[in-house]
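Let's take a walk through this structure together, a few spots at a time. Keep the 3D view open and follow along.

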Amino acid sequence: MWVYEKKLQYPVKVSTCNPMLAKYLIEQYGGADGELAAALRYLNQRYTIPDKVVGLLTDIGTEEFAHLEMIATMIYKLTKDATPEQLEKAGLGDHYVNHDGALFYHNAAGAPFTATYIQAKGDPIADLYEDIAAEEKARATYQWLIDISDDPDLNDSLRFLREREVVHSQRFREAVELLKEERDRKKFF
């Protein structure tokens with residue numbers, strides 16, 4: 001079904017250990033507008049979407065898993081040399097005592113991932129507008145992460161992810177227009 005290459009979609013480098021930045025990046029790991037929510041949303045919605053755009057949801061949904069892997073790598077690299085004291089100072093003390101250095105799906109505030117983050121209405125156009133909104137929210141979050149980051153190496157990867165969100169939003173917009181044309185086409189029997 002898939003071919004897995006044991007490399008990231010885009011290289012991830014970090015300049016220094018920075019648990020505070022890792023705490024913020026966790027939002028894109030297990031938050032409402034993060035990569036896990038997006039992947040699950042699109043791969044779930046594809047079962048009730050017209051055949052004309054089902055491939056789009058499959059492609060973007062699986063790419064979101066690649067983005068999730070990039071975020072996990074960023075968080076790992078930003079925290080791997082951190083002391084428990086540094087993690088606590090960065091607001092990751094609760095995470096450390098529950099998970100040590102393991103990643104766990106929660107948002108930057110520590111709230112666990114929930115299925116309520118995943119929307120599916122069953123109406124293709126409504127679902128695609130939901131997807132456009134999800135991509136735009138993720139794009140905004142990546143921009144805000146770039147704004148607070150002082151790590152030029154990490155920012156390079158964050159810019160890549162931000163631009164992929166723009167591309168996904170554009171592709172979903174094209175799919176909406178395609179489905180609107182089909183819906184509005186006169187049918188002759």
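Start with E63, which you'll find in helix α3, the stretch covering residues 51-79. Bear in mind that this is a predicted model. E63 has a relative accessible area of 14%, and the cut-off for buried is under 20%, so E63 counts as buried.

What does the side chain of E63 touch? It makes a polar contact of 3.0 Å with the side chain of Q9, and another of 2.7 Å with the side chain of R164. If you skip neighbours within four places in sequence, E63 is in contact with Q9, R164 and H168.

## Helix α6 and its cap

Now move on to α6, which runs over residues 124-148. This helix has 25 residues and reaches 36 Å from its first C-alpha to its last, close to the 36 Å expected at 1.5 Å a residue.

Look at the N-terminal end of α6, and you'll see D123 capping it. One of the side-chain oxygens of D123 sits 3.2 Å from the backbone nitrogen of I125.

## N155 in α7

Helix α7 spans residues 152-184, and N155 is part of it. Is N155 buried or exposed? Its relative accessibility is 9%, so N155 counts as buried.

The side chains of N155 and S149 are joined by a polar contact of 2.8 Å. Leaving out neighbours within four places in sequence, N155 is in contact with I146 and S149.

Y24 belongs to helix α1, residues 19-30, and is partly exposed, with a relative accessible area of 34%.

Definitions and conventions. Residues numbered from 1 in each chain as written. Predicted model: local features only at pLDDT ≥ 70, side-chain atom pairs only at ≥ 80, totals over all residues. Heavy atoms only, no water. Helix = DSSP H or I, 4+ residues; strand = E, 2+ residues; numbered from the N terminus. Expected span 1.5 Å × (residues − 1). Polar contact = N/O pair within 3.5 Å; in protein donor to acceptor, adjacent residues only side chain to side chain. Buried < 20%, exposed > 50% of the residue type's maximum accessible area, 1.4 Å probe, protein only. Contact = heavy atoms within 4.5 Å.
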